[in-house]
Each structure stands twice: as C-alpha cells, then as structure tokens.
Amino acid sequence: MRKIVIVSGHGRYATGLQSTLELLAGKNKDLFYVDFTEEDTDETLKNKFMEILEENKDSEVLFVCDIIGGTPFKVAAAISNFSPKMELVAGCNIGGILESVLMKDQLSLSELAESMVEGSKKSTMVFKKINGSASAFNVPEGEGI
C-alpha cells in the first residue's frame, strides 16, 4: 500500500522543510507540506489535511508535526487517532525525516514512524570541542552536503 507523509508545523515550518528535503533528495510525490500560518484556524488546517487525505484515500498516512501539543499536532491527532492507516510523530529533525522518507517503501507505517523518531534522536548531538588548531577542520572544496 502506498504511504504518504504530511509535514505540518507553525509558520513556514513545512515549506521550509520542503525546501531542504527537495535540495537533499529531490521532489517526492508522496510528501505533502502544510503550513499553519497566522491566518489559519484549527478548522482551516483540518480542511487542508482532509483535502490531501481525500485525494489519497487509499494510502497509509504519516503525519509529521513540529511540536508536541501544538495546533498542527492536535488536529493531526484528532484525525489519525481512530485510523489504523495513520500514524503521527512530532519533534523530528531533518536528519530523521530524510533518512526515513528515503526508506519508507521498505517499512511498515508503524516502522516508518518509529524510524523517524529514532533517526532524529541519532542525528542530534552536542559538538565536542577539541583542542588544537583550526587545521583539524580542513575539508577539501566541494565536500559536504
């Protein structure tokens, strides 16, 4: 069964992630981005979600929201709570989202949700400073993401 991912959050969170994900991995027809702006209400956000769901009614759905307890999370929770074809995660970072989205076709919906949370945890760290010269950080031109 096809899986889609709906990313939502406050302000331009979703479209900001869209820009980053598309830069790193290209466009993906199974990802949808829904911003919750100052002009929106719970109801307008729900309508945006429902439009995507109606267009993809035969798909499993993973909602990805910026913060636990925020309006995007609450609306997605109300929609997904009673559906075995829907999961909801919140607070994931770009590393966890990217890694999971690239593997989504090999994972069940629940595994996809768990993978996104675990990947986010693994890609979060505190930089440990080293004593030494700046030359320790010489990276050849063109290296990196």
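Helices (H or I, at least four residues) and strands (E, at least two) are DSSP runs, counted off from the N terminus. With that in hand, the chain turns out to have five helices and four strands, and from the N terminus on they run β-α-β-α-β-α-β-α-α. This is a predicted model, so local features need pLDDT of at least 70 and side-chain atom pairs count only at pLDDT 80 or more, while totals for chains, interfaces and linings use all residues. Residues are numbered from 1 along each chain as its sequence is written, and side-chain values use heavy atoms, with hydrogens and water left out.

As for overall dimensions, the C-alpha trace spans about 55 × 35 × 25 Å along its principal axes. The accessible surface (Shrake-Rupley method, 1.4 Å probe; for residues, only the protein chains shown count as cover) comes to about 8900 Å², and 55% of that belongs to carbon and sulfur atoms. Of the 145 residues in the chain, 39% are buried; here buried means under 20% relative accessible area, exposed over 50%, and partly exposed in between, with a 1.4 Å probe and protein chains only. Contact means heavy atoms within 4.5 Å. Among the contacts with a separation of 6 or more, 68% come from residues 24 or more positions apart.

Now for the inside. In soluble globular proteins, nonpolar side chains tend to be buried together. A nonpolar core is a set of buried Ala, Val, Leu, Ile, Met, Phe, Trp, Tyr and Cys residues joined through side-chain atoms within 4.5 Å. The largest one here has 19 residues, and Val 5, Val 7, Leu 62, Val 64, Val 89, Ile 97 and Met 116 are those with the most contacts inside it. Two or more residues each are supplied by strand S1 (3-10), helix H1 (13-25), strand S2 (31-36), strand S3 (60-65), helix H4 (94-103) and H5. H5 gives the most, with four residues. Apart from this core lies another, of 17 residues, including Phe 63, Ala 76, Met 86 and Ala 90.

Ala 113 sits in helix H5 and counts as buried because its relative accessible area is 7%. Beyond the residues up to four places away, Ala 113 touches Leu 62, Glu 87 and Val 89. Ser 115 also lies in helix H5 (residues 109-122), and a relative accessibility of 14% is why Ser 115 is classed as buried. Its contacts, leaving aside neighbours within four places in sequence, are Ser 100, Met 103 and Leu 107.
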